[in-house]
Amino acid sequence: MLQRVQTIYLLMIVALGILLFCVPVVEFTSPADASVQQMLELGAQGLDNIEADDLFRLPVPAHLNGVWGLTLTTLLIPMLALVIVFLFRNRILQARLNIFLAVLCLGYYGVLAIYIWFAKMNLGTEWHLMFGACIPLVCFVLTLMATRRILKDEALVRAADRIR
């Protein structure tokens with residue numbers, strides 16, 4: 001199981017997915033001409049006000065606090081990759097789930113775009129992507145590489161069966 005290259009790719013997706021859960025993805029800052037400067041970070045746990053001074057914290061609207069779609073997508077990526085690792089005996093199912101995982105990695109950006117749009121409309125802030133925003137794209141590429149290797153293994157097994 002661990003000697004297969006696709007297993008290494010999938011374990012890297014698991015590690016990156018756990019990292020994605022811990023790091024912020026987007027930073028929201030109030031415009032320069034605002035009377036009170038506000039900085040918020042959006043991650044899998046929700047919006048976090050990162051200002052050091054509690055006196056000037058502005059309340060985050062209630063509908064922006066619950067980012068369950070982003071949290072769910074962030075949790076599904078490493079969990080599904082870990083499940084796929086243990087399906088090494090059923091390569092066709094493994095390849096199909098890998099394609100679903102690739103779609104899920106791209107779907108993360110759709111969910112993130114919705115939350116950015118809501119935050120921009122309701123808070124009137126400017127947004128900047130942070131380092132964590134590239135993690136789903138790296139997971140997407142690793143998923144495609146793992147799918148390619150899984151299908152290559154399946155072709156090798158079918159060729160060996162044909163020779164017998």
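At what angle do H3 and H4 pack, and how far apart are their axes? In this predicted model, local features were considered at pLDDT of at least 70 and side-chain atom pairs at pLDDT 80 or more, whereas totals for chains, interfaces and linings use all residues. Residues are numbered from 1 along each chain as its sequence is written, and side-chain values rest on heavy atoms, without hydrogens and water.

H3 and H4 pack at an angle of about 165°, with their axes 9 Å apart, and are therefore roughly antiparallel (over 145 degrees). H3 passes H4 in a left-handed crossing, in which the near helix is turned anticlockwise from the far one by less than a right angle. Residues of H3 including Trp68, Leu76 and Val85 meet a set in H4 that includes Gln94, Leu104 and Tyr108, contact being defined as heavy atoms within 4.5 Å.

Helix H5 (residues 135–163) has 29 residues and should span 42 Å at 1.5 Å a residue, which agrees with the 42 Å between its end C-alpha atoms; the expected span is 1.5 Å times one less than the number of residues.

A search of the whole structure finds two aromatic pairs (ring centres within 6.5 Å). Tyrosine 108 and tyrosine 109 form an edge-to-face pair (planes over 60 degrees apart), at 6.0 Å centre to centre and 80° between the planes. Tyrosine 108 counts as buried, at 0% relative accessibility.

Note on methods:
Rings of Phe, Tyr and Trp (its six-membered ring) pair if their centres lie within 6.5 Å; planes under 30 degrees apart count as stacked, over 60 as edge-to-face and the rest as tilted. Buried means under 20% relative accessible area, exposed over 50%, partly exposed in between (1.4 Å probe, protein chains only). Helices (H or I, at least four residues) and strands (E, at least two) are DSSP runs, numbered from the N terminus. Axes are lines fitted to C-alpha atoms, for helices over the stretch in contact, and angles run from 0 to 180 degrees between N-to-C directions. Angles under 35 degrees count as roughly parallel, over 145 as roughly antiparallel, 65 to 115 as roughly perpendicular and the rest as oblique.
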